[in-house]
Amino acid sequence: MDGETRAALYRAPLPAPQGGMDLFHLGHSLVGRDMPAMVAQLAAAAGFADHTYHSQLGWGTSLRDHWDPDRPINGFEVENDHPRFRDARTALAGGVDALILTEMIDLSDAIRYHDSPRYLAHWAHEARQHAPEARVYFYETWHHWSAGDTWLERLDSDPEALWEGTILAQAMAHEGVGTVHVIPGGRAMAAFVRALEGQGGLPGLADRAGLFALDPEGAVDRIHLNDLGAYLIALVHVATLYHLDPRGLPHALLRADGSAADAPSAEAAALMQSVVHDVVRQIPTTGLPPA
């Protein structure tokens, strides 16, 4: 699908949801358990108390591995040992309001070796076969970072080069797929990191490293989020899905297991919310009306 044809699909924004949605998250550890739980809490705080969700996850799992029953899903038993797990095909057969998909990282390898566009098309078609009005979202994530690399620049360029310009452009050319919208996690993260580091950090969050988990040796993980990072990405989800202004939403939330999440400071939360509000309205593929 050429760029003009693709752009035309997003000229008319989606209507804002009038009630809570039933979501299904399909992916891996960059979805995780806690981020969807935070989305649910933020949705409830915004007045969508009937928001519900389930998921199917793996370790670094591609859309192809989720689709093909003959391919193993690494970490399946561990990642899905929780009350919100539901088999993906069973969930879609019952109908969902929105399906949120993401792809394995590295994305270039996913395209080259796992035929990402084809399997995104399969999943979108599966959702809409059972619920024709279902919304389908492609959750744009991020790659590993290291000191002095081009991480921020790639978060800017990868959406058109890979996420949208390759995977979406090819997937939406398949019959019956329809329009797939985007949850711009990577671009929101890049915008927040630039704003944060540009002002020399904020209380409790000095720089990008403060968004990421620590590995068993105590070193920064550099791809997997901690609670603060999960909160940022949950804001991107709830603002995109519900077309709402995230400014003023609560920032002291619970993890999926009911324990208190580490909360960003009021200053850091306010910056996250402001950045997310701007980013999701600047990107037509989110389906929101422009600012």
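In strand 4, Y137 is the bridge partner of I100. The model is predicted, so local features need pLDDT of at least 70 and side-chain atom pairs count only at pLDDT 80 or more, while totals for chains, interfaces and linings use all residues. Residues are numbered from 1 along each chain as its sequence is written, and side-chain values use heavy atoms, with hydrogens and water left out.

Strand 3 and strand 4 run parallel and are joined by 4 bridges; helices (H or I, at least four residues) and strands (E, at least two) are DSSP runs numbered from the N terminus. The open sheet has 5 strands in the order 2-1-3-4-5 with parallel pairing, where pairing requires at least two DSSP bridges between two strands. Its edge strands are strand 2 and strand 5.

The largest nonpolar core has 62 residues, a core being buried Ala, Val, Leu, Ile, Met, Phe, Trp, Tyr and Cys residues joined through side-chain atoms within 4.5 Å, with buried meaning under 20% relative accessible area (1.4 Å probe, protein chains only).

Helix 8 (residues 151-171) spans only 26 Å between its end C-alpha atoms, whereas a straight helix of 21 residues would span 30 Å, the expected span being 1.5 Å times one less than the number of residues.

How values were computed
Buried < 20%, exposed > 50% of the residue type's maximum accessible area, 1.4 Å probe, protein only.
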